[in-house]
Amino acid sequence: MNLKPLVNNVELYSSFLEEIESRIKVAQSILEQVTTQDRMFVAQGEIKALRRLLLLREQVNQGDQSG
């Protein structure tokens, strides 16, 4: 799968980042309201995964430089 069209299209990637940031805010809100440890771990995992997506451009473009 080639992610370069997504990460190198400024308009498209900006929209992608906005969506990810919006989902992080929702997950943080859920994290503040959970009452069980299991749900807390799920919310934390979701936030961690979403934050990794914020670094997608760097990871995709770094792969080209090392190869």
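Reader: At what angle do the axes of helix 2 and helix 3 cross?
Author: This is a predicted model, in which local features need pLDDT of at least 70, side-chain atom pairs count only at pLDDT 80 or more, and totals for chains, interfaces and linings use all residues. Residues are numbered from 1 along each chain as its sequence is written, and side-chain values use heavy atoms, with hydrogens and water left out. Helix 3 covers residues 37-53, and its axis comes within 9 Å of the axis of helix 2. The two axes cross at roughly 165°.

Reader: Is helix 2 roughly parallel or roughly antiparallel to helix 3?
Author: Axes are lines fitted to C-alpha atoms, for helices over the stretch in contact, and angles run from 0 to 180 degrees between N-to-C directions. Angles under 35 degrees count as roughly parallel, over 145 as roughly antiparallel, 65 to 115 as roughly perpendicular and the rest as oblique. The crossing at roughly 165° therefore makes the pair roughly antiparallel.

Reader: Is the crossing of helix 2 and helix 3 left-handed or right-handed?
Author: Look at how the near helix is turned from the far one. Anticlockwise by less than a right angle is left-handed, and clockwise is right-handed. For helix 2 and helix 3, the crossing is left-handed.

Reader: Which residues of helix 3 meet helix 2?
Author: Contact means heavy atoms within 4.5 Å. Helix 2 brings Y13, F16, I20, R23, I24, A27, Q28 and L31. On the side of helix 3, the residues are M40, A43, Q44, E46, I47, L50, R51 and L53.

Reader: Which residues does I20 contact, leaving aside neighbours within four places in sequence?
Author: I20 is one of the residues of the largest nonpolar core. Leaving aside those neighbours, its contacts are L50, L53 and L54.

Reader: Is V60 buried or exposed?
Author: V60 sits in helix 4. Buried means under 20% relative accessible area, exposed over 50%, and partly exposed in between (1.4 Å probe, protein chains only). V60 has 18% relative accessibility, so the label is buried.

Reader: How far apart are the C-alpha atoms of V60 and V7?
Author: Beyond its neighbours within four places in sequence, V60 contacts L3, K4 and V7. V60 and V7 are 53 residues apart along the chain. Their C-alpha atoms are separated by 7.7 Å.

Reader: What is the distance between the closest N and O atoms of E19 and R23?
Author: A salt bridge is a side-chain nitrogen of Lys or Arg within 4 Å of a carboxyl oxygen of Asp or Glu. A search of the whole structure finds one. E19 and R23 lie four residues apart in helix 2, about one turn of the helix. In their salt bridge, the closest N and O atoms are 2.7 Å apart.

Reader: What is the relative accessible area of R23?
Author: E19 is partly exposed, at 38%. R23 is also partly exposed, with a relative accessible area of 45%.

Reader: How far is T35 from E58, C-alpha to C-alpha?
Author: T35 lies in the loop between helix 2 and helix 3. E58 is in helix 4. They are 23 residues apart along the chain, and their C-alpha atoms are separated by 36 Å.

Definitions and conventions:
Core = buried A, V, L, I, M, F, W, Y, C linked by side-chain atoms within 4.5 Å. Helix = DSSP H or I, 4+ residues; strand = E, 2+ residues; numbered from the N terminus.
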